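Reader: I'd like to learn how to read a model like this one. Could you walk me through it, starting from a single residue?

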Amino acid sequence: MTYIAKPKFHHPGLKKNELGYTHRDYEGKISTLCAGCGHDSITASIIEACYELSIEPHRVAKISGIGCSSKTPDYFLGNSHGFNSVHGRMPSVLTGANLANRDLIYLGVSGDGDSASIGFGQFAHSIRRGVNMTYIVENNGVYGLTKGQFSATADRGSKSKKGVTNTDNAIDLVAIALQLGATFVARSFSGDKGQLVPLIAAAIGHKGASFIDVISPCIAFNNHAGSTKSFDYVREHNDAVNRLDVLVGRDPIAVDYAPGTVQVVEQHDGSKIALRKIDADYDPHDRLGAQTFLARHAAKGQIVTGLLYVDPDAEDLHEHLNTVETPLNTLEADTLCPGSAVLDKINASLR
Amino acid sequence: MKPTDIAAPDYFHKVVDCQWACPAHTPVPEYIRLIAQGRYSDAYMINWQSNVFPGILGRTCDRPCEPACRRGRVEENPVAICRLKRVAADFKDDIRQRLPRPSPKNGKRVALVGGGPASLTVARDLAPLGYHCTVFDADPEAGGMMRSQIPKFRLPNSVIDEETGYILGLGVDFKGGHRIESMKSLLAEKYDAIFVGSGAPRGRELDIPGRKEAAANIHIGIEWLANVSFGHVDKIGKRVIVLGGGNTAMDCCRTARRLGGETVKVVVRSGFEEMKASPWEKEDALHEDIPILNYMMPVAFKHVAGKLIGVTFQKVKAEYDAKGRRNLVPSGEPDETIVCDDVLVAVGQENAFPWIEQDCGIEFDKWHMPKVDPKTFASTNPKVFFGGDAAFGPKNIIWAVAHGHDAALSIHKMLSGEDITERPLPEVQISSQKMGIHEWSYDNDISNDKRFKVPHRDKVIALKDIRAEVELGYDVKLALGEAERCLNCDVQTVFSTSLCIECDACADICPMDCITFTDNGEESDLRQRLKAPSPHRDQDLYVSSDLKTGRVMVKDEDVCLHCGLCAERCPTGAWDMQKYFIDMTHAGSTCPTKSRSAA
């Protein structure tokens, strides 16, 4: 790890966003992860996405569990709210926070161990409830902190650094998220910021459960021949169905792609996503089609990336529960607890 | 773009902006690191080898290095390189043991005309090789304009004595009080080579009405300064006008303040900003309560009964023609007369070679300057070389030193029977600075300190004593703070394409957004696609060969802090921090510290 603090100086010509911040203003502390860790690139992508969206840092809550991935919220958005929870319990803490204050932007950061093993149930329930959040799994297929055992997302047949072959079946979190009703599902690769940054930006703009599985090579324990989560393997087997640009604000869309190749998706918050199709037959509004497409390509050993499914008219947990527009944590006591007369009325109505 | 050839000595040399900008190519970051380590003598010797007069230049240099300093592109002010040089001189131990020994004479005789920085540099380079060097100067002591024109409150005699003494101590023959009156008779003395370093000794005249009539109180700046220097002049009138906007004018006005001038004014034709004087010299003058009045053209000296009473000025303004050239035209305001007792004219210097006869084989151009080869410094007489102000007109001490080195190399090659137009490449060393996993042999933690001010002597005391040095120099603590501001630009970021796995770690960590992985293209196109704007075209792009994905690594050298974080965050060692030390070619092996390169 690096012992010095990242110098405060920045490029004198750095652009500023609408709030007058440079992307450096969205940084956190210097990373203590291994040099070259894919997670650091995801950190950089989150910084870039928040900068581009001109998000006010104090409007973000970043919540994580345990693991290399769950350390990363310390490295971005140094002026945001944060909660480093118990192993696998990020989704519950995030759900609770979201219920208490629906006005914040929720960023759940987790890893393959945190979400596919100890927190598998938590992951599943937060998705099926439609919590309004951006759930990012930094997926390296390995337990890096305990020196390289296979995790639950390691592909069957892939080899560990020591040469042992994995005999267990892999959990594909994207497939599960689709099955559980996530309304924004994407997969990307830490080594491809061009794809990842707009995906994160679009996910933040999405109202509902957004899930992004980011394959993130573990330099120390999972970047060798025989691994299916190495830089080389992912680059060779990456099958992107689309690439996208997120368009914020009222600027007219001026994208000069061939007609029929661009699909514009308008999001709930007014932002627009311009999807550039790579696979002409792929329809990101077809949940069932996405599931079979994924299964078919996974069988061929291909890693499907891009925006796989989006429902622009999704509802979230608050709508399901019919909660008030005002965040619960700002309601006055007399509103939260209207008194015995109201209780009597309710009781009477149930008799 | 083609992959950058980092084996070409100039590529990394250019990255060390200060060293590249220095005419003598002093290895600046190297000596600043030594100062930070308290190794003042080592720092001094690095300077001594390349610029010969560290103590003098540390007080008087025109500092071409500082506007070039990368720190100035990152924050407001560059590193105080010049004053750190003085620190090395101030705090060093006795370094005489480290100087070259006078060597047995090789039988070749070289005459040097003028005892200033150019000639002394030639002598410093040639004497240790066995040449018999004879320096002639009209003044009794060595130093030339450094001694005669720079006021003592900026440069004490003790410093000049010490540093000229090191050179004369190499067995150089100094003939003081001996003005060379005829090139022809000098040639007749059959020297093997002659070097002319006689400077630009004539102050330019200001021929306007009243000049002759009021001559008693109108003085030519450099002559007056020399007279003050040698004690022939010790007072001036209470009201003084200094005409001219160069560094000589600044020296004149500040000297006048110390010799009884109570109301001293500098009047310049141009605007304040365009004045030739260095900004810090203007600042020092203003600090001593000397106003600088601009856009005023002197048109007449006013006099009554042979006595100067004032100067009349026409008000002018700047107008720019289609080509952007500035013209000063009358502004239409009424003329102004400023009363005064004395005027100092410091409107420029000129070369003068009345002592070089026309049939010496030395050709002159239409501006009456000798035809001198800008690389070899040879004149049209193969035995006669020129350098310093005598070669290309008035410049600064550091240029004279650079000329001296090159001329000495030419003389050495000529007298060794070699072709003087063949200039050997400099010697270059480059070595990794890695000491541990994230440990470097240099301090890569970037200091956020602003430039430290050099302490000055109290103004009341300074103005009373013309020999009291105004600047007191950094103390050890301030010097350390200032040294820490240096970005170590000589510790280069070296990239190995074959090791890179394109994980983006370097691009992510770089605090200055210098690094981009992208598709290759023409330079103008590539510069548009970098992570951060690339406004300085003179700063190179470091481009790798093709990486596995077909992209290239492009690094804009412009504002790299050399913090080494790219190398720290690189998992494969594709980035390394390597110290680049360039040793300019001098005549022979003139210095025993040649191979000494501090770690």
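Author: B:Ile582 sits in strand E24 of chain B, residues 575–583; strands (E, at least two residues) and helices (H or I, at least four) are DSSP runs, numbered from the N terminus. This is a predicted model, where local features need pLDDT of at least 70, side-chain atom pairs count only at pLDDT 80 or more, and totals for chains, interfaces and linings use all residues. Residues are numbered from 1 along each chain as its sequence is written, with chains lettered from A and ligands numbered from 1 in the order in which they are written.

Reader: Is B:Ile582 buried or exposed?

Author: A residue is buried if 20 or more other C-beta atoms, placed from the backbone, lie within 10 Å of its own, exposed if 12 or fewer, and partly exposed in between. B:Ile582 has 22, so it's buried.

Reader: Which residues is B:Ile582 in contact with, leaving aside neighbours within four places in sequence?

Author: Contact means C-beta atoms, placed from the backbone, within 7 Å. The partners are B:Pro9, B:His13, B:His25, B:Pro27, B:Pro426 and B:Val428.

Reader: And chain B as a whole?

Author: Chain B has 22 helices and 24 strands. Buried residues make up 49% of its 599 residues. Of the chain B contacts with a separation of 6 or more, 73% join residues 24 or more positions apart.

Reader: How many residues of chain A are in contact with chain B?

Author: 25 residues of chain A are in contact with 29 of chain B. On the chain A side, H1(A) gives the largest share, four residues.

Conventions: Contact = placed C-beta atoms within 7 Å.
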